[in-house]
Amino acid sequence: MSPAFPSSSTTSSSPVIALKEMVSRLQRENSKIQELLASLSFALRSFNNLNQFFELIPLITCRVTEAEAAALVLFRADGQARLEQLHCHASDQCPNIRAALETATRTLANSVGMAAIDAASDREISRPRLEQLLDQQLRERLPQGIQFYGTAILVKDSGLTERGRLYVFSQQPEYEWNETRQQLLQVIADQTAVAIANDELALKLRDRQRLDRELEIGAEIQRRLLPHRCPKIHGLELAAECRTASWVGGDYYDFIPITYGLGDQKDIEQGRWGIAIGDVMGKGVPAGLIMTMTRGMLRAEALNGHRPSRILQHLNRAMQPDLESSHRFVTLFYSEYNPQTRLLAYSNAAHLPPLLWRAETGIIHRLDTYGMLIGLDTRSQYQEAEVRLQPGDTVIYYTDGITEADNPKGKRFEEEGLAAVVKEGCAKGLGAQALLNYIFDAVEAFTGAHGRRSDDMTLVILRVLEET
């Protein structure tokens with residue numbers, strides 16, 4: 001009997017079967033990798049807690065790179081390193097790997113601290129060397145036979161900043177750190193960087209929302225401190241409005257009843273009234289806080305019944321230390337109107353002089369006296385003057401947001417522009433509120449701002465009613 005030999009068909013089919021099994025195995029591995037990376041992407045989109053996301057990183061890293069352990073190490077803002085997560089997949093070397101990582105990060109923290117102390121000798125450790133030092137520490141502390149590989153976690157803020165390292169560990173001699181595993185590790189490191197960046201952006205957004213809410217509350221408080229409506233003063237028609245450039249402004253105006261509490265409502269209306277307008281140098285919250293302080297102290301001084309010049313002098317002495325330390329100053333025009341005599345007494349602390357339009361002549365006068373900024377020098381003296389108003393006369397108090405408003409060509413509205421608009425409005429016989437709107441409309445038409453302002457704008461209009 002002749003010996004039995006495998007048929008040619010059996011011999012030729014064996015490599016085909018082996019090839020098919022290899023292709024099938026590669027497809028299964030690729031499918032597994034795709035599923036793991038998809039899970040990581042889902043976690044990146046879904047997890048609100050960054051720590052939960054960090055827990056997945058070493059686990060998925062082990063699976064896709066077929067390593068026995070993986071670790072996530074993050075760098076803090078002060079340059080120190082911290083072991084964030086470690087995952088070991090059936091490895092008896094897990095305690096040794098953890099001990100090596102913890103000792104390495106702790107030693108690195110001490111090295112950074114010593115470098116900060118010795119900064120004068122130009123030996124301070126810089127951020128780009130952290131990865132090298134950490135890798136060196138791991139090589140010195142890992143047991144013999146454990147190999148490791150790492151990649152940087154780079155977060156793009158002002159530039160590419162290394163925020164940590166992602167490591168894989170293996171004690172298998174045949175473990176190969178091939179290009180595919182390198183690319184997979186880099187993909188996971190990039191996803192981790194995105195998660196860190198997203199979390200920091202979310203924190204900044206929450207801080208911004210909190211700050212916006214606080215500013216909104218501050219703006220509401222400030223609006224409530226400004227007069228919510230003009231008072232009734234015998235023989236006068238009043239209008240006032242403050243339009244802030246930001247939520248909290250530094251402009252201030254007020255109506256202060258000097259005879260408050262000394263009689264009934266009619267007595268108050270016919271009594272003396274303080275009328276003030278001011279401007280804190282600067283804008284925003286600091287200016288708003290100083291404006292609030294100015295309001296309280298001015299009201300206290302006005303109720304003492306002093307003359308306008310004395311009130312500004314006392315106010316300057318009281319506020320100077322605080323204003324000097326904050327490097328801010330206040331311009332303030334304070335006047336007192338007596339309805340019985342129609343006398344307007346006033347004193348100016350370097351504020352823009354109000355304009356007085358005389359109904360009889362149609363001429364505009366500036367109401368000004370000499371006086372320095374509030375808070376500049378405790379020895380400052382303030383002059384005082386007075387004017388008797390006649391029926392139809394109109395006084396326009398304003399801040400520099402009006403006169404310094406500029407158009408697209410860079411030209412400012414200036415006092416001349418305001419005076420021209422006031423003349424036009426008063427000649428038309430406009431009342432106080434109508435004149436206020438007329439001026440604001442003219443400024444916005446000049447600037448083309450349509451609601452956009454670079455500075456606070458405040459107007460107070462005082463018009464003497466015709467005698468009946």
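## Basis and overall make-up

The model is predicted: local features need pLDDT of at least 70, side-chain atom pairs count only at pLDDT 80 or more, and totals for chains, interfaces and linings use all residues. Residues are numbered from 1 along each chain as its sequence is written, and side-chain values use heavy atoms, with hydrogens and water left out.

The protein has eleven helices and 14 strands, taken as DSSP runs numbered from the N terminus (helices H or I, at least four residues; strands E, at least two). Of its 468 residues, 44% count as buried, where buried means under 20% relative accessible area, exposed over 50%, and partly exposed in between (1.4 Å probe, protein chains only). Among the contacts (heavy atoms within 4.5 Å) with a separation of 6 or more, 68% are accounted for by residues 24 or more positions apart.

## Sheet 5-14-13-10-11

Five strands form an open sheet in the order 5-14-13-10-11, with antiparallel pairing; two strands pair if DSSP finds at least two bridges between them. Strand 5 (236-243) and strand 11 (364-366) stand at the edges with a single partner strand each, so one side of each is left without a neighbour in the sheet. On average, neighbouring strands of this sheet are turned by 15° against each other, direction ignored. Axes are lines fitted to C-alpha atoms, for helices over the stretch in contact, and angles run from 0 to 180 degrees between N-to-C directions.

Strand 5 and strand 14 run antiparallel and are joined by eight bridges, with Ala 240 partnered by Val 460 of strand 14. Six of the eight residues of strand 5 are buried.

Helix 10 (residues 414-427) lies across strand 10, strand 11 and strand 13 (394-398), at about 30° to strand 10. Helix 11 (residues 432-447) lies across strand 5, strand 13 and strand 14 (457-464), at about 30° to strand 5.

## Sheet 6-7-8-9-12

Another open sheet of five strands has the order 6-7-8-9-12, again with antiparallel pairing. Its edges are strand 6 (251-257) and strand 12 (385-388); each has a single partner strand, so one side of each is left without a neighbour in the sheet. Neighbouring strands here are turned by 15° against each other on average, direction ignored.

Strand 8 (residues 330-338) and strand 9 (residues 343-349) pair in the antiparallel sense over seven bridges, and Ser 335 has Tyr 346 of strand 9 as its bridge partner. Helix 8 (residues 308-326) lies across strand 8 and strand 9, running at about 155° to strand 8.

## Positive phi values

Most residues other than glycine have a negative phi. Ala 350, in the loop between strand 9 and strand 10, has a positive phi near 65° and is partly exposed, with a relative accessible area of 38%. Glu 414, in helix 10, also has a positive phi near 65°; Glu 414 is partly exposed, with a relative accessible area of 38%.

On a 1 Å grid over the protein atoms alone, a cavity is a set of points where a 1.4 Å probe fits but cannot get out, and lining residues have an atom within 4 Å of a point. Grid points are joined across faces, edges and corners, and a volume is the space filled by probe spheres set on the points. The count comes to one cavity of 30 Å³ or more, and the largest cavity has a volume of about 40 Å³.

Its lining consists of Glu 68, Ser 91, Gln 93, Ile 97, Ile 146, Phe 169, Ser 170 and Gln 171. These divide into three nonpolar, four polar and one charged, where Ala, Val, Leu, Ile, Met, Phe, Trp, Tyr, Cys and Pro count as nonpolar, Asp, Glu, Lys and Arg as charged, and the others, Gly among them, as polar.

Notes:
1 Å grid on protein atoms, 1.4 Å probe; cavity = no way out; pocket = protein on both sides within 12 Å on 5 of 7 lines; lining within 4 Å.
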